[in-house]
Amino acid sequence: MGWTRKDLLTMRELDAGEIVLLVDTAASLQEIATREIKKVPALRGKTVVNLFYEPSTRTRTSFEIAGKWLSADVVNFSASGSSTAKGESFVDTAKNIAAMSPDVVVVRHSSAGAAQLLARELPCSIVNAGDGAHEHPTQALLDLLTIREHKGHFDGLHVAIVGDITNSRVARSNIHGMRKLGMTVTVAGPPTLIPPFIQELGVKVSHRLEDAIRDVDVIMMLRLQHERMQNGLIPSLREYSRYWGLTLDKLARHARPDVLIMHPGPVNRGIELSPEVADGPYSVILDQVAKGVAVRMGVLLLLAGSKGGGDTP
Amino acid sequence: MSLLLKNGRVIDPANSVDAVQDLLIADGKIEKLGKNLAAPAGAEVVDARGKLVCPGFIDIHVHLREPGYEYKETVATGTRAAAAGGFTAVACMANTNPVNDNGAVTDYILARARVEGAVRVYPIGAVTKNLKGEELAELAELAEAGCVAFSDDGKCVMNAGLYRRALEYTLPFGVPVISHAEDATLCRGWAMNEGVVSTEIGLPGAPAAAEEVMVARDILLAELTGAHVHIAHLSTAGAVRLVRDGKARGVRVSAEVTPHHLVLTEEAVRTYDPNTKMAPPLRSKRDVEALIEGLADGTIDCVATDHAPHALSEKEGEFDRAAFGIVGLETAVPLLLDRLVRPGLLPLPTLVARLSHDPARLLNLPGGSLAPGAPADVTILDPERELTVDPAQFRSKSRNTPFGGFALTGGPWLTIVGGTVVRL
């Protein structure tokens, strides 16, 4: 099947076939990273704008490298030090950028719905690189690619997503993607970090790390934002890491020996993950980052290459 | 100067009238109701056959934005919107700039209304100075200047001790205190109802309990003080239950509901359209059902729009940064007729009462009745009028509505204030 969408906004709106197409496309592009000359002409003459309203190192760099390896012209626009500091609205800024005829705008914004808003307002393709606590589809896609490479398939796998689910766009995108691919998902964390009615998205809920990680194929640890403490959601980082931090000892006692440890980054070492786990044999965290470039190449290719003009590599 | 309305279906719930009759208006008052009335010499005669002749509709919860926010709305544009929507009187909230927390601001609003108001305007005074929730406003002076109620609407007076004193202090004035029931500590930074939709679309939610905690508190304070507390824009099933229980125990509590909380649910927010953002938020289907039931059985006393005009720049863009509130004056009556009366969820005479007699009763306003001698404020509806909501046609200065494009049957036909047809 082919790709027909103008934008990539959410995992929720994709069907299983579209998700597999995205993952397959990314998988086929991975070998570019191993070439001596990491460049294919697929998006020559195309322009990709990274419109980042939130600080981001890895995602922005990942999109930038992906665009450049595909020979697109990549422009980075970050909110600080630009017209937003002069009071220009988000939509106005985006319309101004659209007036310069980019082919793809990659947007990261702290407001849920920001990518949808741009998709309505702008004629070019929009990629959601994270909107508030809503979705982060390319992160879910790279997680899925990582899981498939290590486990060989999706169907029947059980994943535990652990931490601040309420504020996590990574969790939401992964829940939608994993459920559509036939995986079982358990979300786990203290009840203050689990959003109400999350079961209605088809997941199980656990309030004990030891239970959540038992017999799962994948453990995805989420980053704990330090400000959650000020908001009264957790008593202290110390207590959080004691009960929700993943250590080698807890893994050895409760998890399967072939479990994968994932984390969307950046890792709070010593809080949600002990350094031994982050760097340990179960961890595929750096593999996720590497696959991020392939996934973003695949997304850019399907969005900007499908309208004609771009060569396939 | 007299006006004869011929052969309309006159619905006057306060006087148990529902029959095809003629209504004669003279010198700004209702003169007579009856069959085959003869037109006095020089009377204007209006053929109201097929129309519904009702006591003038009163909206006790609007934001006219003047003084201070004239770019959103003015007394002139807001009252024209009211007249176009079938309302003959509005009560306007105190969150202007400066806040209506002293007699001079009340005087100013009333002066603007005299000069350019298309309908009657009743100011509501602030409970606390500058709506800060710290010190009582000059409540006696506000009452004397003509405020018909007190409210910090838009903000909840979080200090229960201070609110208790406000309820006590205003007792001698015989006017209610109107509560914006929202416990700020239970819903920091919220943008929509807390529920399955907020979880899915990643917007911070306000739980129903944030409203219900305050409704419960205010019912207890009404009981403690003997004051009349009116709860603005009730939006949850639990709040309906609390008000119903309070009334059953004889507490002086009353409540209103907005058309949008009767018609839309949180599902509408999935579009991230900032015109679905208001306080309180759109709730669940179960809440909507409870609100309709409460309105029908009288637990909820009246419908009020919470007409909250905002400029486009405040209602476009990111949902969580957009202003709270929508305009309501020009869509309320068609929505209620089409979505509640037409499907049989609410009897027409009940709706008429909830828009006329009941709000008049709550705020002790003249009006709400077509008895001889009453002020000749009359709303005439055309039950067959087909309309498609077009915000570009609004008389209001603002266009922030989620109802653009709605096709509705039934709406206002003629608005008469003090015996004079309002021509817009």
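In which strand of chain B is Asp59(B) found? I located Asp59(B) in strand β6 (residues 57-62) of chain B; strands (E, at least two residues) and helices (H or I, at least four) are DSSP runs, numbered from the N terminus.

**Conventions**

I note that this is a predicted model, in which local features need pLDDT of at least 70 and side-chain atom pairs count only at pLDDT 80 or more, while totals for chains, interfaces and linings use all residues. Residues are numbered from 1 along each chain as its sequence is written, chains are lettered from A and ligands numbered from 1 in the order in which they are written, and side-chain values use heavy atoms, with hydrogens and water left out.

**Entry: Asp59(B)**

Buried means under 20% relative accessible area, exposed over 50%, and partly exposed in between (1.4 Å probe, protein chains only). A salt bridge is a side-chain nitrogen of Lys or Arg within 4 Å of a carboxyl oxygen of Asp or Glu.

I then found a polar contact of 2.4 Å between the side chains of Asp59(B) and Thr305(B). Such a contact is a pair of N or O atoms within 3.5 Å; within protein, one must be able to donate a hydrogen and the other to accept it, and residues adjacent in sequence count only if both atoms are side-chain atoms. Leaving aside residues up to four places away in sequence, Asp59(B) touches several residues, including Phe87(B), Val90(B), Ala304(B) and Leu329(B) (contact: heavy atoms within 4.5 Å).

**Entry: Glu66(B)**

Is Glu66(B) buried or exposed? I recorded Glu66(B) as buried, because its relative accessibility is 6%. Glu66(B) lies in the loop between β6 and α1 (75-84) of chain B. A polar atom of its side chain lies 2.8 Å from the backbone nitrogen of Val75(B), and a polar contact of 3.2 Å joins the side chains of Glu66(B) and Arg112(B).

**Entry: salt bridges**

I counted 43 salt bridges over all chains. In one of them, Glu289(B) meets Lys285(B) at 3.0 Å, N to O. Both residues lie in helix α9 (residues 285-297) of chain B, 4 residues apart, about one turn of the helix. Glu289(B) is partly exposed at 44%, whereas Lys285(B) counts as exposed at 57%.

I next examined Asp301(B) and Arg361(B), whose side chains meet in a salt bridge of 3.2 Å, N to O. This pair links distant parts of the chain, 60 residues apart: Asp301(B) is in the loop between α9 and β15 (302-303), and Arg361(B) is in helix α12 (residues 357-362). Asp301(B) is buried at 6%, while Arg361(B) is partly exposed at 41%. Salt bridges with shared partners join Lys247(B), Asp301(B), Arg354(B), Asp358(B) and Arg361(B) into one network.

**Entry: rings**

Rings of Phe, Tyr and Trp (its six-membered ring) pair if their centres lie within 6.5 Å; planes under 30 degrees apart count as stacked, over 60 as edge-to-face and the rest as tilted. Phe403(B) is buried at 1%. In chain A, ring pairs link Tyr53(A), Phe77(A) and Phe90(A) into a cluster.

I also looked for charges over rings (NZ of Lys or CZ of Arg within 6 Å of the ring centre and within 35 degrees of the ring normal). Lys51(B) lies over the face of Trp413(B), at 4.6 Å from the ring centre.
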